Amino acid sequence: MTSTAAAPLAASVLEALARYDTPTICNAMEIVAPERRLVGYTIKPLVCPFPDLPPMVGYARTATIRSVVKSGLPADEQARRRTDYYEYVGTGHGPRIVVIQDIDGPDIGYGAFWGEVQSNVHKALGCLGVITDGSIRDIPQWAAGFQALAGSIGPSHAWVHAESFGGEVRVAGMTVRSDDLIHSDRHGAIVIPADIAAKLPEAAELCARRETPILEIARSADFSLEKLKAALKRSAEIH
């Protein structure tokens, strides 16, 4: 499912960004948007059960969940809200990444929203994966190729339910709004401002060129401090 409106970015830009891991994108961001050096990415560790999956790049679908208390809504209203949530997740510019904040405070992660059913449903709706500070479960039955970064892994879903969706959330120190562009892999995630996204692949290549002389000498059999100093000088001269 996709929106009929033009996508914010060409698919080729997203494909180019997906060729790099998230730390490299963070390095590139320091060149392109140095004012974002301290903001816009996860700063707390998240569990990644599928570390070998490639980076995912997509537009955020946001929600908040709770699990230690029942939803106070009548059953028919709960069903309608669930349908509205799936409508929200399954529409808009794609590909999409679900970003869910657990708002149970000290009991964060008490019940898992994510497991066999939700991973498969969200994959079918066109999502690449989930980033959440809540818990996940059913790892062996998880949807194939659907990435996950989570605050914890647990056995029960308790009274888990979505409290809201489409608003601003904060997960592992990263603030995300609906439709934000997200880059994520086993290391964490970062929000990429749409107006600079196309500049990041070139900056990532510059980072790699600057690292090459340092890595070459560090990995060589005849490493010496003097050779390292020379490599650092060569690296600084690469533009």
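I took helices and strands as DSSP runs, helices of at least four residues and strands of at least two, numbered from the N terminus. The model I examined is a predicted one.

**Entry 1: proline 45**

I looked up proline 45 and found it in the loop between α2 (22–32) and β1 (56–66). Its relative accessible area is 76%, so I recorded proline 45 as exposed. I then checked its position against histidine 187, which lies 142 residues away in sequence. From C-alpha to C-alpha, proline 45 and histidine 187 are 8.1 Å apart in space.

**Entry 2: the nonpolar cores**

I turned next to the largest nonpolar core, which has 19 residues. Which of its residues touch the most other members? I noted Leu17, Ile25, Met29, Leu181, Ile192, Ala197 and Leu200. Two or more residues of this core come from each of α1 (11–17), α2, β1, β12 (188–192) and α5 (200–218). I also recorded a second, separate core of 18 residues, with Ala63, Trp114, Ala143 and Ala148 among them.

I followed isoleucine 25 in more detail. Setting aside neighbours within four places in sequence, I found isoleucine 25 in contact with Leu17, Tyr20, His183, Ile190, Ile192 and Leu200.

**Entry 3: α2 against α5**

How do the axes of α2 and α5 cross? I read a crossing angle of roughly 105°, with the axes coming within 8 Å. Angles of 65 to 115 degrees count as roughly perpendicular, and therefore I describe α2 as roughly perpendicular to α5.

I listed the residues that meet here. From α2 they are Thr24, Ile25, Asn27, Ala28, Met29, Ile31 and Val32. From α5 they are Leu200, Ala203, Ala204, Leu206, Cys207, Arg210 and Glu211. Sorted by class, this contact holds ten nonpolar, two polar and two charged residues.

**Entry 4: helix α4**

I examined α4, residues 116–124, and found Gln118, Ser119 and His122 to be its buried residues. Viewed down the helix axis, these buried residues fall within an arc of 100°, so they line one face of α4. On the face turned away from the buried side I found the exposed residues Val117 and Ala124.

What do the buried residues of α4 pack against? I recorded α3 (75–89), β2 (96–102), β3 (112–114) and β4 (127–132). After α4 comes glycine 126, and I noted its positive phi, near 100°.

**Entry 5: backbone details in loops**

I looked at the peptide bond joining glycine 94 and proline 95 and found it to be cis, with omega about -5°. Proline 95 sits in the loop between α3 and β2.

I then looked up alanine 172, whose phi is near 55°, a positive value in a residue other than glycine. Alanine 172 belongs to the loop between β9 (169–171) and β10 (174–176). Is alanine 172 buried or exposed? Its relative accessible area is 9%, so I recorded alanine 172 as buried.

Aspartate 179 also has a positive phi, about 80°, although it is not a glycine. I placed aspartate 179 in the loop between β10 and β11 (181–185). With a relative accessible area of 37%, aspartate 179 is partly exposed.

Terms used. Residues are numbered from 1 along each chain as its sequence is written. This is a predicted model: local features need pLDDT of at least 70, side-chain atom pairs count only at pLDDT 80 or more; totals for chains, interfaces and linings use all residues. Side-chain values use heavy atoms; hydrogens and water are left out. Buried means under 20% relative accessible area, exposed over 50%, partly exposed in between (1.4 Å probe, protein chains only). A nonpolar core is a set of buried Ala, Val, Leu, Ile, Met, Phe, Trp, Tyr and Cys residues joined through side-chain atoms within 4.5 Å. Contact means heavy atoms within 4.5 Å. The arc is that of the directions from the helix axis to the C-beta atoms. Axes are lines fitted to C-alpha atoms, for helices over the stretch in contact, and angles run from 0 to 180 degrees between N-to-C directions. Angles under 35 degrees count as roughly parallel, over 145 as roughly antiparallel, 65 to 115 as roughly perpendicular and the rest as oblique. Ala, Val, Leu, Ile, Met, Phe, Trp, Tyr, Cys and Pro count as nonpolar, Asp, Glu, Lys and Arg as charged, and the others, Gly among them, as polar.
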